[in-house]
Amino acid sequence: MSEKINVRYVAKLARIALTDDEVDRFGAQLAVLLEHVEALGKLDVGAVPATAQVLELANVTRDDKPAPCLDRDTVLGQAPRTQGAFVRVPRILAE
Amino acid sequence: MKLVDRSAFDVARDVNARRLSAREVTDAALAQADAVDGQVGAYLRVEYDLARAAAARVDARIASGERLALAGVPLAVKDNMCVIGTRTTCASRILEHWTAPYTATAVQRMLDAGCIPIGKANLDEFAMGSSCENSALGVTRNPYDLSRVPGGSSGGSAAAVAAREAAIGMGSDTGGSIREPGAFCNLVGFKPTYGRVSRYGLIAFASSLDQIGPLTRTVRDAAMAYDVMSGHDPMDSTSLPRAVEPASRALPTDLRGLRVGIVREFDLQALAPAMRTIYERAYAELESLGAALVDVSLPTVDYGVATYYLIAPAECSANLARFDGVRYGLRVDAADVGTMYEQTRAQGFGPEVKRRVLIGTYALSSGYYDAYYVRAQKARTLAAKDFAVAFGACDIIASPATSCPPFTLGAKSDPYSMYLMDYYTIPMSLAGVPALSVPCGWVREAQADLPLGLQLAAPHFAEPLLLGAAHAYEQATGYSARVSPAAAGSATGIEEPA
């Protein structure tokens with residue numbers, strides 16, 4: 001599974017704009033890390049289940065009853081741009 | 001003893017007995033911060049008004065006859081925990097001007113129990129780091145040697161407690177971020193069992209690993225803080241609905257009958273000779289307190305760093321997707337929404353956060369998910385099983401907390417060498433078991449005495465046993481008593497009232 005990481009493609013997926021310098025630097029640093037994590041290939045995990053978290057808890061739900069939450073003005077007050085009762089963002093659909 | 005040197009236990013006892021007011025303790029802590037924090041840089045912000053208002057409330061409650069477990073105890077809060085009305089930045093540009101709209105459950109419990117929030121403490125950005133150097137907003141120095149790092153990521157909380165700017169620091173530990181700064185700053189750094197302390201209001205890094213805990217100058221103080229902050233919280237679905245056995249009431253002073261596991265794979269020969277001597281002595285000290293040393297094995301422990309540096313970045317890449325400039329935090333305006341996301345994150349995140357988001361995104365991406373992320377999750381199963389087997393043969397496990405003493409600022413410029421800092425602490429995080437570091441001595445390097453920590457770990461939910469063992473060790477050895485030069489050099493501490 002060892003191959004060169006396509007940093008530009010991964011950065012696109014991660015929604016982070018990188019400079020050319022960052023692409024080179026992060027590419028080299030991530031290659032070093034990947035080389036080290038290759039060691040996991042030596043572990044026999046064929047019959048081992050995956051652990052997402054260590055507790056026995058599963059599907060924790062609460063009763064479907066209304067409860068207090070942050071009010072709208074507080075939430076909107078956090079947003080960088082608002083318009084009326086909405087968060088404002090640049091156009092997301094072409095005209 | 002100056003007021004700022006007092007333990008949380010002593011402060012709470014005297015405030016409850018009305019021999020001392022929360023106001024006096026708070027004024028002393030704020031004066032200490034004024035005097036030393038210019039050098040130490042523990043706090044991103046000292047919260048004068050918040051602290052004084054909290055002190056007035058605590059004094060009023062005491063005057064009305066209430067008794068509070070942590071009455072008047074000065075508290076440093078890591079700045080990835082929300083405190084309503086305060087800026088909560090994660091030491092990141094992306095949240096630099098963000099004000100929290102609610103308070104984290106664990107912090108609220110500490111405040112309800114009488115703690116005084118002195119300030120918000122520095123950290124590696126989004127808690128990603130082992131030296132506190134990844135903060136985008138400030139430099140924190142080790143109070144025992146100002147040329148060195150305080151450890152990370154909870155470096156600000158640790159430095160604040162070591163410099164006597166607080167009695168308790170709240171930290172968060174994902175792969176060692178409480179234990180390592182605890183060791184570097186000659187403190188007790190305690191990570192409880194995963195799920196013991198609510199993560200509600202802790203800004204998420206890696207949700208299956210993150211756990212809040214205390215940094216203190218004594219084990220008793222750590223136990224008192226744990227008793228207050230732990231317990232089920234319906235606001236965190238990974239919080240355990242299980243009663244917490246108080247840890248601070250009966251702390252033993254010997255280790256008779258305790259089986260202490262020494263991990264075969266943690267070969268002390270790998271350490272520098274001066275460090276090796278310290279840990280050999282620490283194991284002998286445990287034995288002289290009555291413990292039986294038992295050889296145990298954690299067969300997959302050498303895979304811990306690789307496992308962790310896939311799982312933690314994978315979870316962080318998902319958790320940090322929320323920082324896109326839309327609903328809160330920094331927004332870099334652009335003509336289209338895609339460019340807005342990319343530029344906001346490019347300018348808002350520092351290099352270490354970008355690295356981890358990239359590696360996590362890669363490990364989760366189509367074609368690599370099974371080979372990296374799922375394989376790491378399976379390795380995690382083996383890590384947890386290692387501990388389950390080992391704890392069949394011993395009650396607690398002892399090991400070094402770090403592979404080196406505090407290093408000079410800027411000494412580790414290569415990211416992977418920094419990741420290796422977490423070698424001893426990561427396995428316990430993967431297994432979710434409680435673990436702490438307790439001061440175990442000093443190594444001399446470049447004319448400075450540098451603190452080292454002994455890590456102790458216990459099975460899930462065995463916090464009372466773990467803290468009890470640490471207390472016995474601390475009481476018998478006394479390494480934690482040495483005051484940091486940064487704190488001692490200050491002449492501003494207010495003398496204890498007669």
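Guide: This is a predicted model.

Visitor: How far does α2(A) reach from its first C-alpha to its last?

Guide: Helix α2(A) covers residues 20-37, which is 18 residues. At 1.5 Å a residue, 26 Å is expected, and the helix is close to that. Its reach is 26 Å.

Visitor: Turning to chain B, why is it called as compact as a globular protein of its length?

Guide: Chain B has 16 helices and 11 strands. For 498 residues the globule rule gives 23 Å, and the radius of gyration is close to that, so chain B is as compact as a globular protein of that length; the radius is 21 Å.

Visitor: What share of the residues of chain B count as buried?

Guide: The C-alpha atoms of chain B fill a box of roughly 70 × 55 × 50 Å along the principal axes. Among contacts in chain B with a separation of 6 or more, 76% join residues 24 or more positions apart. A residue is buried if 20 or more other C-beta atoms lie within 10 Å of its own. Of the 498 residues, the buried share is 65%.

Visitor: Which are the edge strands of the open sheet in chain B?

Guide: The sheet has mixed pairing and the order β1-β3-β2-β4-β6-β5-β10-β11-β9-β7-β8. Its twist averages 30 degrees from one strand to the next. Each edge strand pairs on one side only, and these are β1 (43-46) and β8 (292-296) of chain B.

Visitor: Which residue is the bridge partner of Y43(B)?

Guide: Strands β1(B) and β3(B), the latter residues 116-121, pair in the antiparallel sense over 3 bridges. In β3(B), the partner of Y43(B) is A121(B).

Visitor: At what angle does helix α4(B) run to β4(B)?

Guide: Helix α4(B), residues 105-112, lies across β2 (74-78), β3, β4 (168-173) and β6 (211-216) of chain B. Its angle to β4(B) is about 165 degrees.

Definitions and conventions:
Residues numbered from 1 in each chain as written. Chains lettered and ligands numbered in written order. Predicted model: local features only at pLDDT ≥ 70, side-chain atom pairs only at ≥ 80, totals over all residues. Helix = DSSP H or I, 4+ residues; strand = E, 2+ residues; numbered from the N terminus. Rg over C-alpha atoms; globule rule 2.2 N^0.38 Å. Buried ≥ 20, exposed ≤ 12 C-beta atoms within 10 Å, placed from the backbone. Contact = placed C-beta atoms within 7 Å. Pairing = 2+ DSSP bridges. Axes fitted to C-alpha atoms, helices over the stretch in contact; angles between N-to-C directions. Expected span 1.5 Å × (residues − 1).
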